[in-house]
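Here's a quick briefing to read alongside the coordinates.

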Amino acid sequence: MKKVGIIIASVREQRIGDSIAKHVLKLAQTSKALEYSLIDLKEINLPMLNEPYPAAAKNYQYPHTKAWSETISACDGFIIVTAEYNHGYPPAIKNALDYLYTEWNNKPLAFVGYGYSNGVRAIEQLRQVVSYLQLKPLWKDVGISLITNAKDGMFFTTEMVDNQLNGLIKDLESNLVVKM
Ligand SMILES: Cc1cc2nc3c(=O)[nH]c(=O)nc-3n(C[C@H](O)[C@H](O)[C@H](O)COP(=O)(O)O)c2cc1C
């Protein structure tokens, strides 16, 4: 069965991103078409990119890069769950993307953004970066408002958000599951 990694882009203490990503995982797991798992950049804890050669050369020097390469190689597609920081994406996701190249190539990718403006600017900026890595971003994305879907720093979902997330998951699956 094909595998999808749900990448948590924020690594702050008391981040809301992990609860949103866990919710996406819960919804995705109700479908049995693909195998989903969380990829938590906080746990993976990559240093700021320190490889001497460009990722496309695949001449990795450090164990952390080799391990990250294996994690991403094992996935056929991704969902990036991203916060918006200062109208851009969190640094940890750019760093994690920059470490690799061929491992990302030609794999479909869905975005779930969140923030006070639904994370749309972070998603738009990431679209530019992932296109260069030859990821295949889906046209649709989901932006979650922290004004309507969070209280006291805690995420809560609504029927509308779940409908959008389920639609995104379906879209991703239609890019990964070959119909007979
Ligand atoms: C450094 C920083 C910059 C932020 N900039 C924005 C922003 O530009 N737009 C926005 O909607 N929210 C912004 N916020 C608020 C975040 O949307 C909110 O803190 C959210 O919880 C961040 O996701 P996280 O908890 O997973 O890190 C910012 C938060 C931080 C920490």
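**Strands, helices and the ligand shell**

Strand β4 (residues 108-115) has seven of its eight residues buried, so it is largely enclosed by the rest of the structure. Buried here means that 20 or more other C-beta atoms lie within 10 Å of a residue's own, exposed means 12 or fewer, and partly exposed is in between, with C-beta atoms placed from the backbone. Helices (H or I, at least four residues) and strands (E, at least two) are DSSP runs, numbered from the N terminus.

Before going further, some ground rules. This is a predicted model, in which local features need pLDDT of at least 70 and side-chain atom pairs count only at pLDDT 80 or more, while totals for chains, interfaces and linings use all residues. Residues are numbered from 1 along each chain as its sequence is written.

**Around β4**

- β4 runs parallel to β3, and five bridges join the two; strands pair if DSSP finds at least two bridges between them.
- Within that pairing, Phe78 sits opposite Leu109 in β4.
- Going from β3 to β4, the chain passes through α4, and this β-α-β crossover is right-handed. Right-handed means that, with the strands pointing away from the viewer, the path from the first strand over the helix to the second runs clockwise.
- β4 also runs parallel to strand β5 (residues 136-137), joined by two bridges, and Pro108 stands opposite Lys136 in β5.
- Strand β6 (residues 142-145) is parallel to β4 too, with four bridges joining them. Tyr114 has Ile144 in β6 as its bridge partner.

**Around β1**

- Strand β1 (residues 3-8) has five of its six residues buried, so the rest of the structure largely encloses it.
- β1 pairs with strand β2 (residues 35-40) in the parallel sense, over six bridges, and Ile6 stands opposite Leu38 in β2.
- A right-handed β-α-β unit is made by β1, helix α1 (residues 17-28) and β2.
- β1 pairs with β3 as well, again in the parallel sense, over five bridges. There, Ile7 has Ile80 in β3 as its bridge partner.

**Helix α4**

- Ala92, Ile93, Ala96 and Leu97 are buried in helix α4 (residues 91-98).
- Looking down the axis of α4, these buried residues fall within an arc of 135°, so they line one face of the helix. The arc is that of the directions from the helix axis to the C-beta atoms.
- As background, an α-helix has 3.6 residues a turn, so residues three or four places apart point the same way.
- What covers the buried residues of α4 includes α2 (41-44), β3 (77-82) and α5 (120-132); contact means that the C-beta atoms of two residues, placed from the backbone, lie within 7 Å.

**The ligand shell**

- There are 14 residues around the ligand, and Arg15, Gly17, Ala83, Gly115 and Tyr116 come nearest. A residue is near a molecule or strand if its C-beta atom, placed from the backbone, lies within 6 Å of it.
- The shell divides into five nonpolar, six polar and three charged residues. Ala, Val, Leu, Ile, Met, Phe, Trp, Tyr, Cys and Pro count as nonpolar, Asp, Glu, Lys and Arg as charged, and the others, Gly among them, as polar.

**Arg121**

- Arg121 is part of helix α5 and counts as partly exposed, with 18 C-beta neighbours inside 10 Å.
- His87 is 34 residues from Arg121 in sequence, yet their C-alpha atoms are 5.6 Å apart.
- Setting aside neighbours within four places in sequence, Arg121 is in contact with Glu84, His87 and Gly88.

**Two asparagines with positive phi**

- Most residues other than glycine have a negative phi.
- Asn45 has a positive phi, near 55°. Asn45 lies in the loop between α2 and α3 (63-73) and is exposed, with 10 other C-beta atoms within 10 Å.
- Asn86 has a positive phi of about 50°. Asn86 is in the loop between β3 and α4, where it is exposed, with 8 other C-beta atoms within 10 Å.

**Met1**

- Met1 is in the segment before β1 and counts as exposed, with 10 C-beta neighbours inside 10 Å.
- Not counting residues up to four places away in sequence, Met1 touches Leu34 and Glu35.
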